[in-house]
Amino acid sequence: MANLLEVKNLKKYFSTPRGMLHAVDNVTFNIEKGKTLGVVGESGCGKSTLGKTLMRLHEPTDGQVLFKGDDIANMPIKQFKQKYRANIQMIFQDPYASLDPRKSVLELIEEPIRVHNRSYTKAEIKSHAEEMMEFVGLAKRLSNSYPHELDGGRRQRIGIARALSLNPEFIVCDEPVSALDVSIQAQILNLLQDLQEDKGLTYMFITHDMSVVKHISDDIAVMYLGQMVEKCPAEEIFKDTIHPYSQALLSAIPIPDVHASHDRMIMKGELTSPIDPKPCCRFAARCPYATDECRAKEPALREMRPGHFVACHQAEKFM
Amino acid sequence: MAKIHTPAMEKIEKRNARRKKPAVSTPSSEAWKRFKRNPTALIGLAVVAVLILIAIFAPLIAPFDYQQQNYAEMMKAPSIKHLFGTDQFGRDIFSRVVYGTRYSLIIALFCTVAAFFSGGLLGIIAGYFGGKVDMVIMRIMDIFQAIPMIMMAMCIVAVLGNGIPQLVAAIMFASMPTMARNNRAAILRVRGNDYIESAEAIGLSRFKIIVSHMIPNAVGVMIIYFVGFLAVSIMMMSSMSYIGVGLAAPTPEWGLILNDGKAYITTAPYMMLFPALMIMITCFAFNLMGDGLRDAFDPRLK
């Protein structure tokens with residue numbers, strides 16, 4: 001199937017007083033239409049920055065983002081807003097912080113509709129918003145409530161309704177369930193999956209929770225310090241993961257069995273600073289298998305099996 | 001099953017019908033609820049309300065004209081006829097103080113509004129755009145702040161002469177930096193929130209984001225500064241009149257009445273006591289109200 005999104009060598013650097021912070025460094029990947037790419041990695045590895053750079057909430061430093069063949073990273077922001085703003089939407093991490101506390105549920109959902117449908121009358125906007133509420137499973141009686149009166153799941157539904165009301169094709173889900181209770185996480189994940197089936201949506205699903213990503217993704221990309229270290233089909237990462245960092249991440253998934261013996265791979269060492277990093281494997285400082293080559297040369301992303309990309313000098317060893 | 005009615009049930013039903021439906025809880029209504037529960041804030045509000053009434057009905061309350069001189073009754077101590085005594089021209093100080101309320105409140109309001117729309121707006125712009133814009137605006141404000149307030153007032157009066165507009169301008173310039181700083185901080189606090197990014201993500205324009213998300217969320221804090229600033233401008237106005245760069249005699253401004261009385265402080269202390277008390281009470285009331293508003297809008301700031 002055709003790729004909806006092709007990201008090529010995308011870079012996002014932030015200039016800080018101590019130097020250039022490489023938040024997203026040379027990231028390359030594709031997402032097929034109707035599929036979900038799960039992006040995992042620890043806090044601060046640039047997952048959210050990657051999502052926000054795709055949305056042009058951050059200006060990309062370098063690289064290309066082809067959305068249906070059109071380079072959205074390098075077009076003027078005005079043109080992007082006109083052509084693609086509605087097409088690429090985002091569901092935010094924290095539904096407590098990402099909704100204006102002074103707006104009622106209906107107002108929050110009407111807002112995007114009003115911006116993108118100038119010709120609508122008030123009644124049309126309202127009926128469209130109410131339709132969206134029903135669509136994401138929010139009762140009509142909540143329309144005059146304020147976000148602070150609702151639980152996290154309902155609030156996240158508001159966020160989803162806001163994003164969906166613009167009929168996007170691609171949605172960046174920035175840890176949409178990490179702030180929710182486990183019981184509600186499942187509801188929201190199911191809602192997202194149903195919507196994907198209904199509307200043929202394409203997701204980039206950012207999370208640090210391996211069990212969530214397993215549930216929802218077709219492909220999984222593992223990020224470490226701004227770089228993509230491994231990308232493969234979802235089933236494969238749980239069976240045949242190659243990169244040592246992915247192995248460590250997977251060993252962190254708790255096994256719900258008291259008697260199971262569990263070899264956890266404990267990582268030692270400090271996180272390498274993302275500010276002006278040296279040209280070496282960024283995981284080398286914590287990697288138990290690191291060699292001199294790892295400390296001297298940056299590994300490139302190589303296709304080790306069909307559809308399975310790894311950035312590790314010693315990938316052959318772990319296959 | 002038929003519904004059974006007992007007198008007790010009817011009573012309960014009646015009571016329920018009397019009860020108002022629970023109001024929708026908006027952040028503003030929550031704030032008002034908190035404000036109502038705060039006795040000191042209510043005292044402040046009551047005193048301010050009384051002062052406003054005094055200002056409106058000054059001609060009805062004051063027994064004499066504030067300019068009327070009476071050489072038969074100069075420097076009289078407070079009595080039933082002259083509640084606050086009389087000054088060296090035989091003018092009734094009570095009447096002067098009552099009329100002074102008008103000047104103080106109106107000029108304070110003008111000063112605050114002027115400062116708010118000059119400094120405050122600059123602060124909002126600086127806070128939203130950040131970067132170079134912020135840098136330029138705030139450095140200009142720093143320069144303003146480096147000039148002593150009284151000196152600036154004196155310069156303005158020296159160039160433009162005495163009068164209410166000049167006084168307002170002087171206080172406005174002197175207070176612009178603080179206003180700008182406060183509003184900038186309020187906007188910065190809101191700007192960091194996720195919902196601003198979310199508004200950007202759904203394609204709202206910058207102007208729309210400022211007007212419909214940032215200002216409504218920062219307005220609570222801004223009102224607090226606004227009310228607090230009323231007290232500050234009354235103080236500034238009185239001190240400027242007192243040293244002679246504010247309003248000109250015979251305006252019954254509190255600072256001027258103080259100035260009139262300063263020569264007689266040993267023989268007739270009441271001449272200074274009452275206007276000073278009024279200044280104190282007014283500022284105190286505004287401050288109480290401001291604190292109450294702060295607690296009401298943002299309990300975390302306490």
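**Exercise 1. In this predicted model, find which residues of H3(B) and H5(B) meet, and describe how the two helices are arranged.**

Solution. Begin with the residues themselves: on the side of H3(B) they are B:Leu51, B:Ile52, B:Ile54 and B:Ala55, and on the side of H5(B) they are B:Val98, B:Thr101, B:Arg102 and B:Leu105.

Next, turn to the axes. Helix H3 of chain B covers residues 39-56 and helix H5 of chain B covers residues 93-129, and their axes come within 8 Å while crossing at roughly 110 degrees. Angles of 65 to 115 degrees count as roughly perpendicular, and H3(B) and H5(B) are therefore roughly perpendicular to each other. As to handedness, H3(B) passes H5(B) in a left-handed crossing.

**Exercise 2. Describe how H3(A) packs with H4(A), giving the angle and the separation of the axes, and state which residues make the contact.**

Solution. Helix H3 of chain A runs over residues 105-116 and helix H4 of chain A over residues 122-135; the angle between them is about 115 degrees, and their axes lie 9 Å apart. The contact draws on A:Leu106, A:Ile109, A:Glu110, A:Ile113 and A:Arg114 from H3(A), and these are joined by A:Ile125, A:Lys126, A:His128, A:Ala129, A:Met132 and A:Met133 from H4(A). The crossing of H3(A) past H4(A) is right-handed.

**Exercise 3. Determine how the overall form of chain B relates to the globule rule, and do the corresponding step for chain A.**

Solution. First consider what each chain is built from. Chain B has twelve helices and zero strands, and from the N terminus on its elements run α-α-α-α-α-α-α-α-α-α-α-α. The globule rule gives 19 Å for the 302 residues of chain B, whereas the radius of gyration of chain B is 25 Å, well over that value, so chain B is more spread out than a compact globule. Taken along the principal axes, the box filled by the C-alpha atoms of chain B is roughly 90 × 70 × 25 Å.

Chain A, for its part, contains ten helices and twelve strands. A compact globule of 319 residues would have a radius of gyration near 20 Å, and the 21 Å of chain A agrees with this. Along its principal axes, the C-alpha trace of chain A spans about 65 × 55 × 45 Å.

Two further quantities complete the description of each chain. Among the 302 residues of chain B, 42% count as buried, while in chain A buried residues make up 44% of the 319 residues. If one takes the contacts between residues at least 6 apart in sequence, 69% of those in chain B join residues at least 24 apart, and for chain A the share is 64%.

**Exercise 4. Work out which helix gives the largest share of the side of chain B that touches chain A, and describe the surroundings of that helix.**

Solution. Start with the contact as a whole, which takes 17 residues from chain B and 24 residues from chain A. On the side of chain B that touches chain A, helix H9 (194-201) and helix H10 (206-242) each supply at least two residues. The largest share of that side, six residues, comes from H9(B). The residues on this side of chain B divide into seven nonpolar, seven polar and three charged.

Now look at H9(B) on its own. Six of its eight residues are buried, so H9(B) is largely enclosed by the rest of the structure. The buried residues are B:Tyr195, B:Ile196, B:Ser198, B:Ala199, B:Glu200 and B:Ala201. In chain A they pack against strand E6 (88-91), and in chain B against helix H8 (164-191) and H10. Just after H9(B), B:Gly203 takes a positive phi of about 95 degrees.

**Exercise 5. Decide whether A:Val172 is buried or exposed, and list its contacts beyond its neighbours within four places in sequence.**

Solution. Locate the residue first: A:Val172 lies in strand E7 of chain A, which covers residues 170-174. A residue is buried if 20 or more other C-beta atoms lie within 10 Å of its own. A:Val172 has 27 other C-beta atoms within 10 Å, so A:Val172 is buried.

Leaving aside neighbours within four places in sequence, A:Val172 is in contact with A:Gly51, A:Leu54, A:Met55, A:Met90 and A:Met204. For A:Met55, the separation from A:Val172 is 117 residues in sequence and 8.1 Å in space, C-alpha to C-alpha.

Note on methods
Residues are numbered from 1 along each chain as its sequence is written. Chains are lettered from A and ligands numbered from 1 in the order in which they are written. This is a predicted model: local features need pLDDT of at least 70, side-chain atom pairs count only at pLDDT 80 or more; totals for chains, interfaces and linings use all residues. Axes are lines fitted to C-alpha atoms, for helices over the stretch in contact, and angles run from 0 to 180 degrees between N-to-C directions. Helices (H or I, at least four residues) and strands (E, at least two) are DSSP runs, numbered from the N terminus. Angles under 35 degrees count as roughly parallel, over 145 as roughly antiparallel, 65 to 115 as roughly perpendicular and the rest as oblique. A crossing is left-handed if the near helix is turned anticlockwise from the far one by less than a right angle, and right-handed if clockwise. Two residues are in contact if their C-beta atoms, placed from the backbone, lie within 7 Å. Ala, Val, Leu, Ile, Met, Phe, Trp, Tyr, Cys and Pro count as nonpolar, Asp, Glu, Lys and Arg as charged, and the others, Gly among them, as polar. The radius of gyration is taken over C-alpha atoms; the globule rule is 2.2 Å times the number of residues to the power 0.38. A residue is buried if 20 or more other C-beta atoms lie within 10 Å of its own, exposed if 12 or fewer, and partly exposed in between; C-beta atoms are placed from the backbone.
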